Amino acid sequence: IRDGLHNLYSLPDGYEVLLGNGGTTAFWDAAAFGLIDRRCEHLVFGEFSGKFAAVTAGAPHLDAPVVVESPPGTHPAWKGSDADTFAMTHNETSTGVTMEVTRPKESDPFVLVDATSAAGAIPVDPAAFDVYYFAPQKAFASEGGLWIALCAPAAVSRIERIASTDRWQPPSLSMSIALENSRLDQTYNTPALTTLFLLCDTIEWMLENGGLGWAATRCKTSAATMYGWAEASAFAAPFVQKPSERSPVNATIDFEGVQADDIATALRANGIVDVESYRKLGRNQLRIAMFPAIEPNDIEILTHAIDHIVERLTA
């Protein structure tokens, strides 16, 4: 897994791949203990980017975060503050918005990127981040409960420096312990072997077929089909208005004149599952995955199935 991710992302010398248990949610806690010095600036534009901001806001040893927020369906831009750490999300899974990974215009910005639904599907320049972290249950077609972090030399140095201070870190959330164990190709506490097996299998599949560019092309093909169908539809439309901000891995599609839940129920009854809207967004929409392991032809079949159902629901 570690070697495969090095190859998949063409990581430069000095970058390290860390693994730990608990998924992205646990990584946020670990980052609050072992990666943020004093204050973090957060770009918040959905449920998951907001959750990380809430973690640092509640950490008693950190100053209050700088939160730059935009409405669902859009993404904000860096404010550029006195923060020592800048946190952004490559693809906001809850809203279907993606944004380019960039550094703020600071003298020495330290950038953390939540890539949970982007990793393995959207290209990124390793020079644009210090930590690119994710869980394997999205584009890597594995299970949850594991976090992976691609760490630049600056991140490794910061992990080691913070660990040398008197700041207390729970061992299971210690970035330095995760670093030490990852170098031994193990995790601090026992992982789920099925998760590791599936993740490794998908990485090998991607590399055998052409790498990250190949995987991203599959997603772009699916996205072009889905958004093209929605824009041409009389009853559906993309939730994200700007085409450049529309996710290539999970499309959020609004409906008018028909209940999206009724469509999802009919799809599920016929073996097409897991297209329901994100519960906390509260819109009349479907949220459709377009990850690399999903055949682009299946996305086209799905659009025909929705047309078929809506024709009968509205007859």
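This is a predicted model: local features need pLDDT of at least 70, side-chain atom pairs count only at pLDDT 80 or more; totals for chains, interfaces and linings use all residues.
Local features need pLDDT of at least 70, side-chain atom pairs count only at pLDDT 80 or more, and totals for chains, interfaces and linings use all residues. Residues are numbered from 1 along each chain as its sequence is written, and side-chain values use heavy atoms, with hydrogens and water left out.

**View A. The buried face of helix 8 (residues 260-269)**. Helices (H or I, at least four residues) and strands (E, at least two) are DSSP runs, numbered from the N terminus. Ala260, Ile263, Ala264 and Leu267 are the buried residues of helix 8. Buried means under 20% relative accessible area, exposed over 50%, and partly exposed in between (1.4 Å probe, protein chains only). Down the axis of helix 8, these buried residues fall within an arc of 95 degrees, so they line one face of the helix. The arc is that of the directions from the helix axis to the C-beta atoms. Their packing partners are strand 11 (250-255), strand 12 (285-289) and helix 9 (296-313). Contact here means heavy atoms within 4.5 Å. Exposed Thr265 and Ala269 sit on the face turned away from the buried side. Just after helix 8, glycine 271 has a positive phi of about 85 degrees.

**View B. Asparagine 21 in strand 1 (residues 16-21)**. Asparagine 21 counts as buried, at 15% relative accessibility. A polar atom of its side chain lies 2.6 Å from the backbone oxygen of asparagine 189. Leaving out residues up to four places away in sequence, asparagine 21 touches Ala26, Gly145, Leu146, Trp147, Thr187, Asn189, Thr190 and Pro191.

**View C. Helix 6 (residues 193-209) against helix 7 (residues 212-232)**. The two helices pack at an angle of about 95 degrees, with their axes 7 Å apart. Axes are lines fitted to C-alpha atoms, for helices over the stretch in contact, and angles run from 0 to 180 degrees between N-to-C directions. Helix 6 and helix 7 are therefore roughly perpendicular to each other (65 to 115 degrees). Helix 6 contributes Trp205, Met206 and Asn209 to the contact; helix 7 contributes Trp214, Ala215 and Arg218. By class, the contact has four nonpolar, one polar and one charged residues. Ala, Val, Leu, Ile, Met, Phe, Trp, Tyr, Cys and Pro count as nonpolar, Asp, Glu, Lys and Arg as charged, and the others, Gly among them, as polar.

**View D. Arginine 279 in the loop between helix 8 and strand 12**. Arginine 279 counts as exposed, at 63% relative accessibility. Arginine 279 and alanine 26 are 253 residues apart in sequence. In space they are 22 Å apart, C-alpha to C-alpha.

How values were computed: A polar contact is a pair of N or O atoms within 3.5 Å; within protein, one must be able to donate a hydrogen and the other to accept it, and residues adjacent in sequence count only if both atoms are side-chain atoms. Angles under 35 degrees count as roughly parallel, over 145 as roughly antiparallel, 65 to 115 as roughly perpendicular and the rest as oblique.
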